[in-house]
Amino acid sequence: TWFIPGGVPQTWQVFSALYEGFSQQAGIIAFVLIIGGAFWVVNTTKAVDTGIMKFIDKAKRLERFPLMQKIGVGNVVIVLVMLLFGVFGAVFGMSEETIAFVAVVIPLAKSLGYDEIVGVCMVYVAAHVGFAGAMLNPFTIGIAQDMSGLPLFSGIEYRTICWAVLMLVTIAFVLWYASKVRKKSLACNSDCRQNDAVEDGTVTKAGWKQWLCFGVLTAVAMAFSFAYGADCVVKIGQGSYSTPWLLWVADAFFVLFSVLTLRNSSQMFILNLLMFTIVYMVVGVMGYGWYLPEICALFLLLAVAAGFAAGYSADRISREFIAGAKDIFSAALIIGFAAGIIYILKNGNVIDTMLNSMASALEESGKVGALSTM
């Protein structure tokens, strides 16, 4: 800043900037750590893996229908899988976690007559395109809007349109490439074309712990709806709509889907918990003005409920949660460093100097442009 006219020299303040940055962004840093720990607990239960494998298995069974034979079950699977991972990237920021699923989906792509690139696009590319057009991603939208002082998840309508356009273009390109691969027979040889579903040995039947977890969560949800359901006012754009029934509808669907998934497996029940965590988060943000504290509480509850439903002890839940927080801690450091840099730029009057210089340059260019037209 000594070389910037009007700047205030910074010396030891540079070394205290990290502390100032962490202090100013303590809320968002805690938010990132809790979200990372919660998703880590869910991932260790293999619930997401199980759900994806069941989805792929059911999609492949569509081959027996004549209409699916004309459309091409491979095209249907590509579209559905890409939409699934696109939603994952847009809603809860699935990014590098997709690498684990690439090894699962590539054999599926090869069994349908495609190559490895199609398999990677179905998972990795779709998730990152969804990440880029995120609607509810707490790691991008949540952080950026908090640092900018904007209402949390505001502008969701515009971002949903952007996500849809990006996904449409990406899916169209992947389908075009996949058709070329299939026509030119660039896929692997016939010994790779197996239609057997990938077995997942982690699936376990729901027991009393899972049903107890369901009962407790249902009681909590019903109590919350009874106490606060009438206060729900959904804000969409500039409009506000009283929806006292919204929480009760969410509770009814939670009970229905929980019973159905519990009859299937504990992993599907945990996946159901993840889905309704997102549902309740959307309802809370849009209907009650929830912000970071409430969302952190919701995801912390998800971590405890998912761990309990998976049969984890309290010690293991805490260890897995800490592992997830440790894994995401680099993002927390980046937030602290970024806020510290902003602190230095503000206190050194660097930002003001740069803005004044830009304003002067624009003013001068406007004068020059006006003279040139005379």
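Which residues does Thr 261 touch, not counting residues up to four places away in sequence? Thr 261 touches Met 268, Phe 269 and Asn 272, where contact means heavy atoms within 4.5 Å. Thr 261 lies in helix α11, and with 12% relative accessibility it counts as buried. The term buried stands for under 20% relative accessible area, exposed for over 50%, and partly exposed for values in between (1.4 Å probe, protein chains only). Leu 260 also has its place in helix α11, which covers residues 246-262. At 47% relative accessibility, however, Leu 260 counts as partly exposed. From Leu 260 to Asn 272 the separation is 12 residues in sequence and 9.6 Å in space, C-alpha to C-alpha.

The model discussed here is predicted: local features need pLDDT of at least 70, side-chain atom pairs count only at pLDDT 80 or more, and totals for chains, interfaces and linings use all residues. Residues are numbered from 1 along each chain as its sequence is written, and side-chain values use heavy atoms, with hydrogens and water left out. The predictor's confidence in each residue, pLDDT, runs from 0 to 100. Its average over the chain is 79, and 78% of the residues score at least 70. Two stretches deserve a careful eye. Over residues 1-7 pLDDT stays under 50, and the model has 15 contacts beyond four places in sequence for them. Residues 186-201 likewise stay under 50 in pLDDT, with 26 contacts beyond four places in sequence.

For an overall view, the secondary structure of the chain comes to 15 helices and two strands. Both kinds of element are DSSP runs numbered from the N terminus: helices are H or I with at least four residues, and strands are E with at least two. Of the 374 residues in the chain, 42% are buried. The accessible surface comes to about 19,600 Å², and carbon and sulfur atoms account for 69% of it; such areas come from the Shrake-Rupley method with a 1.4 Å probe, and for residues only the protein chains shown count as cover. Among contacts between residues at least 6 apart in sequence, 76% join residues at least 24 apart.

Helix α2 (residues 26-44) has 19 residues and reaches 27 Å from its first C-alpha to its last, close to the 27 Å expected at 1.5 Å a residue. The expected span of a helix is 1.5 Å times one less than its number of residues. Buried residues of α2 include Ile 28, Phe 31, Gly 36, Gly 37 and Val 42. Just after α2 comes Lys 46, which has a positive phi of about 65 degrees although it is not a glycine. Lys 46 is found in the loop between α2 and α3, and its relative accessible area of 37% makes it partly exposed.

Phe 55 is partly exposed, with a relative accessible area of 25%. Leaving aside neighbours within four places in sequence, Phe 55 is in contact with Leu 80, Val 81 and Leu 84. Leu 80 is 25 residues from Phe 55 in sequence and 9.0 Å from it in space, C-alpha to C-alpha.

Asp 115 sits in the loop between α6 (99-111) and α7 (116-132). This residue counts as buried because its relative accessibility is 9%. The side chain of Asp 115 makes a polar contact with the side chain of Tyr 177, at 2.8 Å. A polar atom of the Asp 115 side chain also lies 3.2 Å from the backbone nitrogen of Val 118. A polar contact is a pair of N or O atoms within 3.5 Å; within protein, one must be able to donate a hydrogen and the other to accept it, and residues adjacent in sequence count only if both atoms are side-chain atoms.

Helix α12 (residues 266-288) has 23 residues and reaches 31 Å from its first C-alpha to its last, close to the 33 Å expected at 1.5 Å a residue. Because 17 of its 23 residues are buried, α12 is largely enclosed by the rest of the structure. Gly 289 follows α12 and has a positive phi, near 70 degrees.

Finally, the cysteines can be considered. The structure holds zero disulfides, a disulfide being a pair of cysteine sulfur atoms within 2.5 Å. Cys 121 counts as buried at 12% relative accessibility, and Cys 213 is buried with a relative accessible area of 5%.
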